[in-house]
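The following note collects numbered remarks on the model shown below. Please read each remark beside the structure.

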Amino acid sequence: MSMGRRAGANALTLALTLALGLVGCGGGGTRVDEGADGNAGGGQGGGSAWQWLLPTGFPAPRVPEDNAMSATRVELGRFLFYERRLSGNASQSCADCHHQDKAFTDGRAVAIGSTGEAHPRNSQGLANVAYNATLTWANPSLVTLERQMETPLFGENPVEMGINDHNKAEVLARFAGDPDYARRFAEAFPGESTPVSWGNVVKAIASFQRTLLSGNSRYDRYLRGQIVLSASEERGRQLFFGEKAECFHCHGSFNFNDQIVHAGSRVVETPFHNTGLYNIDGNGGFPEPNRGVIELTGRADDMGKFRAPSLRNVELTAPYMHDGSIATLEEVLDFYAAGGRVIASGPHAGDGRLNPYKSDLISLIQLDAGERADLVAFLKTLTDHEFIQDACFSNPFAAP
Ligand code: HEC
Ligand code: HEC
């Protein structure tokens with residue numbers, strides 16, 4: 001199908017949708033920009049087939065065969081994402097660690113669970129999470145949003161939402177006994193005898209998360225020829241995509257990372273990297289329990305390896321890195337320019353620049369203050385103000 005016809009068809013759909021006043025959350029997919037690529041998400045699940053309306057240049061997300069997208073499922077998932085009764089002690093929702101105005105991070109160095117327990121890691125942003133080939137900071141085997149969700153819901157080390165064998169049935173009864181939720185579950189999972197189930201809670205929230213698409217930043221508008229970048233942003237762009245700063249090797253996809261999966265993916269690469277943040281023993285050691293992929297594989301050369309995060313909306317997601325140990329983008333640039341981090345004293349003291357497991361792509365970069373500022377200016381063009389204000393992703397319980 002030619003680009004022209006495809007764009008035309010979507011423009012027509014959009015015009016009809018607008019004319020009929022049907023624009024709602026997930027009504028026909030996510031907010032559209034011109035040149036979007038449509039794809040029926042496959043299967044039934046709430047009536048009409050799902051149609052993705054994607055930002056320019058974004059492929060259709062991969063959707064598991066047993067969890068077809070539907071408007072009712074997405075909307076139920078949005079309610080559950082913001083629902084504090086979904087935690088054991090009814091005090092915390094997913095959104096309490098994933099705030100929309102911070103591109104779904106929480107502004108803390110490390111997360112705090114519903115019972116007050118500190119998580120060893122920094123809460124991750126959820127923009128374009130549908131395309132992440134592996135989930136979380138350092139887990140090569142976690143490949144679907146459905147499986148990932150078992151961790152915040154049922155995890156005990158650390159406790160996040162605190163659902164366990166003792167309160168599992170009670171928490172579900174909160175929803176089965178609520179007529180509004182009972183109706184929403186029945187509509188989202190038609191024909192099922194027990195629509196209010198943990199499996200369906202997970203499916204609905206995963207469907208909602210797949211709609212969290214961010215592709216309307218200043219940079220996207222620049223790509224579409226709608227704006228020009230400032231001189232500083234343009235210098236930063238050239239540094240980012242050039243061989244001097246080398247950022248694009250690990251953050252070069254349309255989503256500014258290097259692990260992408262989508263509906264049409266054949267080969268999916270899942271690299272992890274040691275960027276030289278620590279070297280606590282002179283042998284490349286990272287502090288426990290945040291030693292990266294080695295925690296799961298036990299393989300020495302997986303020490304300190306983490307997934308490169310998407311840099312979309314990075315202006316809003318401080319503090320940075322898997323443990324929130326870098327406070328600002330300026331300091332991130334200082335860290336990269338030095339080719340690793342030197343920690344002079346304390347329990348984590350060591351010269352990360354000399355970490356033997358560090359990636360070959362991380363080494364001293366001659367960047368003067370102006371160039372660092374240019375790179376930061378470029379990174380700030382990735383902020384999508386529409387995404388963080390989109391009513392479809394907002395708290396449905398908040399007063400309008
Ligand atoms: C206590 C705070 C907290 C709560 C509550 C929480 N999360 Fe998270 N979330 C985190 C942290 C921390 C990480 C990084 C985990 C890691 O690397 O081990 C994360 C990672 C994720 C990721 C992986 C993102 C990526 O880029 O790979 C997804 C998806 C996610 N959370 C969704 C959810 C959903 C859905 C819920 C509710 C069912 C939820 N979270 C509840 C803190 C939280
Ligand atoms: C070898 C691959 C690699 C290269 C090259 C690289 N990065 Fe990264 N980047 C990563 C990884 C991996 C992380 C996460 C590290 C961690 O948390 O331990 C990261 C984290 C970041 C973060 C923090 C994001 C967040 O949400 O916490 C920023 C900002 C960033 N990189 C920008 C850059 C810039 C700018 C450059 C070029 C100067 C660059 N990166 C080069 C792999 C890379």
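1. Helix 12 crosses helix 13 in a right-handed manner (a crossing is right-handed if the near helix is turned clockwise from the far one by less than a right angle, and left-handed if anticlockwise). Helices here are DSSP runs of H or I with at least four residues, strands are E runs of at least two, and both are numbered from the N terminus. On the helix 12 side the contact is formed by Leu329, Glu330, Leu333 and Ala337, and on the helix 13 side by Arg372, Leu375, Val376 and Leu379. Two residues are in contact if their C-beta atoms, placed from the backbone, lie within 7 Å. Sorted by class, this contact holds six nonpolar, no polar and two charged residues; Ala, Val, Leu, Ile, Met, Phe, Trp, Tyr, Cys and Pro count as nonpolar, Asp, Glu, Lys and Arg as charged, and the others, Gly among them, as polar.

2. The model is a predicted one, in which local features need pLDDT of at least 70 and side-chain atom pairs count only at pLDDT 80 or more, while totals for chains, interfaces and linings use all residues. Residues are numbered from 1 along each chain as its sequence is written, and chains are lettered from A and ligands numbered from 1 in the order in which they are written.

3. What angle do helix 12 and helix 13 make where they pack? The angle between helix 12 (residues 329-338) and helix 13 (residues 369-380) is about 125°, and their axes lie 10 Å apart. Axes are lines fitted to C-alpha atoms, for helices over the stretch in contact, and angles run from 0 to 180 degrees between N-to-C directions. The two helices are therefore oblique to each other, given that angles under 35 degrees count as roughly parallel, over 145 as roughly antiparallel, 65 to 115 as roughly perpendicular and the rest as oblique.

4. Helix 13 also packs with helix 9 (residues 231-240), at an angle of about 95° and with the axes 7 Å apart. Helix 9 is therefore roughly perpendicular to helix 13. Ser232, Glu233, Arg235, Gly236, Arg237, Leu239 and Phe240 of helix 9 meet Glu371, Ala373, Asp374, Leu375, Ala377 and Phe378 of helix 13. This contact has six nonpolar, two polar and five charged residues.

5. Helix 2 and helix 7 pack at about 100°, with their axes 7 Å apart. That angle makes helix 2 roughly perpendicular to helix 7. Helix 2 contributes Arg73, Val74, Leu76, Gly77, Arg78, Leu80 and Phe81, and helix 7 contributes Val201, Lys203, Ala204, Ile205, Ser207 and Phe208. These residues divide into eight nonpolar, two polar and three charged.

6. Which residues touch the most other members of the largest nonpolar core? In this core of 48 residues they are Leu80, Phe81, Ala127, Ala204, Ile205 and Leu212. A nonpolar core is a set of buried Ala, Val, Leu, Ile, Met, Phe, Trp, Tyr and Cys residues joined through C-beta atoms within 7 Å. Two or more residues come from each of helix 2 (71-81), helix 5 (168-176), helix 6 (179-188) and helix 7 (198-210). Another core, of 19 residues, lies apart from it and includes Val314, Tyr320, Ile326 and Leu379.

7. Val129 is found in the loop between helix 2 and helix 3 (145-148). Is Val129 buried or exposed? Val129 is buried, because 22 other C-beta atoms lie within 10 Å; a residue is buried if 20 or more other C-beta atoms lie within 10 Å of its own, exposed if 12 or fewer, and partly exposed in between, with C-beta atoms placed from the backbone. Setting aside neighbours within four places in sequence, Val129 is in contact with Leu145, Gln209 and Leu212.

8. Lys358 lies in the loop between strand 2 (350-351) and helix 13. Lys358 counts as buried, with 22 C-beta neighbours inside 10 Å. Beyond its neighbours within four places in sequence, Lys358 is in contact with Asn274, Thr275, Gly276 and Gly340. The C-alpha atoms of Lys358 and Gly284 are separated by 8.1 Å, although these residues are 74 residues apart along the chain.

9. For the protein chain as a whole, the secondary structure comes to 14 helices and two strands. Buried residues make up 45% of its 400 residues.
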